[in-house]
Amino acid sequence: MIAILKRETTPEQKAHLIDWLKHMNLDVHISDGDEFTVLGLIGDTTRVDMELLNSLEIVESVKRVSEPFKQANRKFHPDDTVVSIGDVKIGGGHFAMIAGPCSVESEEQIIEVAQAVKAAGADILRGGAFKPRTSPYAFQGLKGEGIRMLLEAKQATGLPIITEIMTTRSLDLFEDVDIIQVGARNMQNFDLLQELGKTHKPILLKRGLANTLQELLMSAEYIMSEGNENIILCERGIRTYEHYTRNTLDLSAIPVLHELTHLPVVIDPSHATGKASLVPSMAAAAAAADADGIMIEVHNNPSRALCDGAQSLTPEQFDQVNKKVQKIREAIR
Ligand code: PEP
Ligand code: MN
C-alpha cells in the first residue's frame with residue numbers, strides 16, 4: 001500500500017503518522033520527493049482501514065498495490081485448486097456440468113429431472129430447497145423436505161447434489177449435501193460465510209447482483225480464512241441498465257478470475273439471461289472462454305415450473321447444449 005502525503009505536512013505530523021503505521025506492525029518505506037512524500041507500507045496491510053487513512057488531513061491519496069485477498073490469490077498459490085466431490089472434480093482442467101430445476105417441487109419431479117440430466121451427461125444435480133424469492137408470497141421452496149427429495153434423487157441416480165443455503169440456522173439439514181450453494185443475495189452474508197468456512201464442504205459462491213469481482217474474492221476469503229478452501233466461484237450475471245436480459249452475463253469474469261485466483265469458475269447462463277432461448281449460446285461461450293463448469297436450470301415441464309420456468313431448458317434442450325459444450329471443450333483443449 002502506498003500513501004502520498006500533502007506538501008504542507010510538517011515533520012512532526014509525518015513522524016506521528018509513521019509511528020501510528022508502525023504500531024500496526026507495518027514497515028514504512030519513506031521516499032521524500034521535491035513535491036510529495038510517498039510512504040510505502042510493507043507487511044500485512046489487510047487490516048489497514050484505507051478510508052480512514054485517506055481521510056487524514058495530511059494524506060493526499062492512498063493506493064493498494066497488492067490485492068486484499070490473500071488465500072484466494074493466485075500469486076500465493078499458483079496451481080489451480082481442484083475441488084473434489086466424490087469422483088467429480090472441478091478446476092485444474094476438470095470440467096463439470098451441473099443441471100437441474102430451479103426448485104425441487106416433488107419427489108417425482110426431481111427424480112425424473114435427475115434421471116434425464118444424468119442420461120444427457122450432467123455430472124451434478126442442482127435443485128433449490130430454500131428459495132430466496134423477491135416476493136414473500138412466491139413459492140419459498142420445500143425446505144428440509146426438498147433436501148430429503150434431493151437425497152432420494154441422488155440415491156436413484158448416483159449424481160452428487162448442490163442446493164442453496166440461506167441461513168446458518170439450517171446448516172444441520174445440509175449434512176449430506178455434496179455442495180452448498182451461497183446465492184447471489186447472500187454473497188456478503190459474512191456470518192453465513194464464516195460458518196461455512198468452519199465446515200469442509202465444497203461451497204459454490206455466487207457473485208452478487210451488484211458486486212465486483214474483488215468483492216466476490218473477498219467473500220471467498222471469508223470462507224477460506226476459517227479453514228475451508230473448497231470453493232467454486234460462480235458468475236451468474238450482474239445488474240446493468242440492460243433490461244432485455246434478466247442480468248448481464250459478465251463472461252470476462254472467467255479470464256479475470258483465472259488471472260486473479262486459483263479457485264475454479266463456473267458460469268450460470270440461466271440466471272444471467274433469464275431466457276431459455278439465450279442459454280445455449282451463453283453456455284457455449286462460457287465453455288469457449290474456459291469456464292471450469294456450467295450450471296443450467298432444467299425442468300421436465302418448464303411452462304409448469306414453480307420458479308424460473310422461462311429460463312429453464314427441457315432435458316432434450318439440455319442434451320443438445322451439453323453435446324455442443326463438450327465439443328467446444330475438446331476443440332479448445
Ligand atoms: C439459484 O441458483 O436458484 C439462484 C437463486 O440463483 P442466484 O442466487 O444466482 O439468483
Ligand atoms: Mn432459479
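Predicted model: local features only at pLDDT ≥ 70, side-chain atom pairs only at ≥ 80, totals over all residues.
Residues are numbered from 1 along each chain as written, chains are lettered from A and ligands numbered from 1 in written order, and side-chain values use heavy atoms, without hydrogens or water.

**The ligand site**

- K131 has a polar side-chain atom 2.8 Å from an oxygen atom of ligand 1.
- Q181 brings a side-chain N or O atom to 2.9 Å from an oxygen atom of the ligand.
- For H271, a side-chain N or O atom is 3.5 Å from an oxygen atom of ligand 1.
- A polar contact is a pair of N or O atoms within 3.5 Å; within protein, one must be able to donate a hydrogen and the other to accept it, and residues adjacent in sequence count only if both atoms are side-chain atoms.
- How much of ligand 1 does the protein bury? Taken alone, the ligand exposes 300 Å², and the protein buries 97% of that. These areas come from the Shrake-Rupley method with a 1.4 Å probe; for residues, only the protein chains shown count as cover.
- Ligand 1 sits in the largest pocket, as more than half of its atoms must lie within 2 Å of the pocket's grid points. On a 1 Å grid over the protein atoms alone, a pocket is an open set of points with protein on both sides within 12 Å along at least five of seven lines.

**The chain as a whole**

- The chain has ten helices and 14 strands. Both are DSSP runs numbered from the N terminus: helices are H or I with at least four residues, strands are E with at least two.
- Along its principal axes, the C-alpha trace spans about 75 × 45 × 40 Å.
- Of the 333 residues, 51% are buried. Buried means under 20% relative accessible area, exposed means over 50%, and partly exposed lies in between (1.4 Å probe, protein chains only).

**Positive phi angles**

- K143 is not a glycine, yet its phi is positive, near 55°. K143 belongs to helix α4, residues 143-157. K143 counts as partly exposed because its relative accessible area is 38%.
- D290, also a residue other than glycine, has a positive phi near 75°. D290 is in the loop between α9 (279-288) and β14 (293-297). Its relative accessibility is 41%, so D290 is partly exposed.

- H299 lies in the loop between β14 and α10 (315-332).
- Is H299 buried or exposed? H299 is buried, because its relative accessible area is 3%.
- The side chains of H299 and N300 make a polar contact at 3.1 Å.
- A polar atom of the H299 side chain also lies 2.8 Å from the backbone nitrogen of N301.

**Sequence distance and space**

- F139 sits in the loop between β8 (124-126) and α4. F139 is partly exposed, at 23% relative accessible area. F139 and C307 are 168 residues apart in sequence and 7.4 Å apart in space, C-alpha to C-alpha.
- V88 is in strand β6, residues 88-90. V88 is buried, at 14% relative accessible area. From V88 to D27 there are 61 residues in sequence and 45 Å in space, C-alpha to C-alpha.
- T245 is in the loop between β12 (231-235) and α7 (253-260). T245 is buried, with a relative accessible area of 18%. T245 and K89 are 156 residues apart in sequence, and their C-alpha atoms are 31 Å apart.
- S281 belongs to helix α9. S281 is partly exposed, at 41% relative accessibility. Between S281 and V325 there are 44 residues in sequence and 9.6 Å in space, C-alpha to C-alpha. The side chain of S281 reaches the backbone oxygen of L278 at 3.3 Å.

Methods: 1 Å grid on protein atoms, 1.4 Å probe; cavity = no way out; pocket = protein on both sides within 12 Å on 5 of 7 lines; lining within 4 Å.
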